[in-house]
Amino acid sequence: MLDVLDQFPDKIYPEPNTGCWLCVSSNNQRGYARLSIDGQLVTAHRFSYEMSVGPIPNGLELDHLCRQTCCVNPAHLEPVTPFENMRRANADRERERQFYCTNGHLRDAANIYVTPGGSRKCRECARLGRQRHREPSLPLQANGRRTHVAISEELAREIKYATGTVKEISVRFGVRYNNVHSIRAGRSRKDL
């Protein structure tokens, strides 16, 4: 046991801004650092707490007050009930969702709009979605705009009788998806 105690400080790196002691040993799937003690894998934060503070009371688990699962600073660990631990974790996730959309865009007054149904939507996500839907695969010019081609009668005839999906034809000829669809459906260039 003494060998592990001697090696443990070598695996801890103090983070000066937060006070976390980050353990750099192997992590499990949920991000908790692990140590091999007497041939058994144990979570490093539990080991650190038990060596520094004492045993964890029955029925309680350690909550990382700093929310860093690889932190082993005993001052950042608090024994709580499993229910309280989950409540705190869910509150953190909810708080994060209040500030960022699911794609990571900041939720502020300039980037949020309210739909007629009353839900809040991210303007940036909506803009990107419209952009993908409208012009899914036309190349960008240097100024960030899509490349468009004037459709001559000859080009329209080639589009009308080309084989492949509308998207493939759109990419092949560098013509907007909607224009290809209109030509092939006979809504535009009816004279062909």
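Modeller: Two strands are said to pair if DSSP finds at least two bridges between them, and the elements themselves are DSSP runs numbered from the N terminus, helices being H or I over at least four residues and strands being E over at least two. Please keep in mind that this is a predicted model, in which local features need pLDDT of at least 70 and side-chain atom pairs count only at pLDDT 80 or more, while totals for chains, interfaces and linings use all residues. Residues are numbered from 1 along each chain as its sequence is written, and side-chain values use heavy atoms, with hydrogens and water left out.

Colleague: How many helices and strands does the protein have, and which residue of β4 stands opposite I37?

Modeller: The protein has seven helices and eight strands. Strands β3 (residues 34-37) and β4 (residues 40-43) run antiparallel and are joined by four bridges, and within this pair I37 faces Q40 of β4. The hairpin leaves two residues between the strands, and D38 takes a positive phi there, near 50 degrees. A positive phi, near 140 degrees, is also found at G54, which follows α2.

Colleague: How should I read burial, and which residues of helix α2 are buried?

Modeller: Buried means under 20% relative accessible area, exposed means over 50%, and partly exposed lies in between, with a 1.4 Å probe and protein chains only. In helix α2, which spans residues 44-52, the buried residues are A44, H45, F47, S48 and Y49. Over the 192 residues of the protein, 30% count as buried.

Colleague: What is the general idea behind a core, and which residues make up the largest nonpolar one here?

Modeller: In soluble globular proteins, nonpolar side chains tend to be buried together. A nonpolar core is taken as a set of buried Ala, Val, Leu, Ile, Met, Phe, Trp, Tyr and Cys residues joined through side-chain atoms within 4.5 Å. The largest has eleven residues, namely I151, L155, A156, I159, A162, V166, I169, F173, V175, V180 and I183. Two or more of its residues come from each of α5 (153-161), α6 (166-173) and α7 (177-185). Another core, of eight residues, lies apart from it, and C23, A33, F47 and V72 are among its members.

Colleague: Where is V72 found, and what does H76 touch?

Modeller: V72 is found in the loop between β5 (61-64) and β6 (77-80), and V72 counts as buried because its relative accessible area is 1%. The C-alpha atoms of V72 and W21 are separated by 5.4 Å, although these residues are 51 apart along the chain. H76 has its place in the loop between β5 and β6 as well, and with a relative accessible area of 14% H76 is buried. A contact means heavy atoms within 4.5 Å, and, not counting residues up to four places away in sequence, H76 touches T18, G19, C20, D63, H64, L65, C66 and C71.

Colleague: How many salt bridges does a search of the whole structure find, and which residues do they join into one network?

Modeller: Side chains of opposite charge can pair when their charged atoms come close. The criterion for a salt bridge is a side-chain nitrogen of Lys or Arg within 4 Å of a carboxyl oxygen of Asp or Glu, and the search finds seven. R67 and D63 meet at 2.6 Å, N to O; R67 is partly exposed at 32% relative accessible area, whereas D63 is buried at 1%. E84 meets R87 at 2.7 Å, N to O, and both lie in helix α3, three residues apart, about one turn of the helix. R88 also forms a salt bridge with E84, the closest N and O atoms being 2.9 Å apart. Salt bridges that share partners join D63, R67, E78, E84, R87 and R88 into one network.

Colleague: Finally, which residues form a nonpolar patch on the surface?

Modeller: Patches are made of residues with over 30% relative accessible area and no salt bridge, where like charges are joined within 9 Å and nonpolar side chains (Val, Leu, Ile, Met, Phe, Trp, Tyr) within 5 Å. Accessible areas come from the Shrake-Rupley method with a 1.4 Å probe, and for residues only the protein chains shown count as cover. F99, Y100 and L106 form such a nonpolar patch, with about 310 Å² of accessible area together. L106 sits in the loop between α3 (82-99) and β7 (112-114), and L106 counts as partly exposed at 45% relative accessibility.
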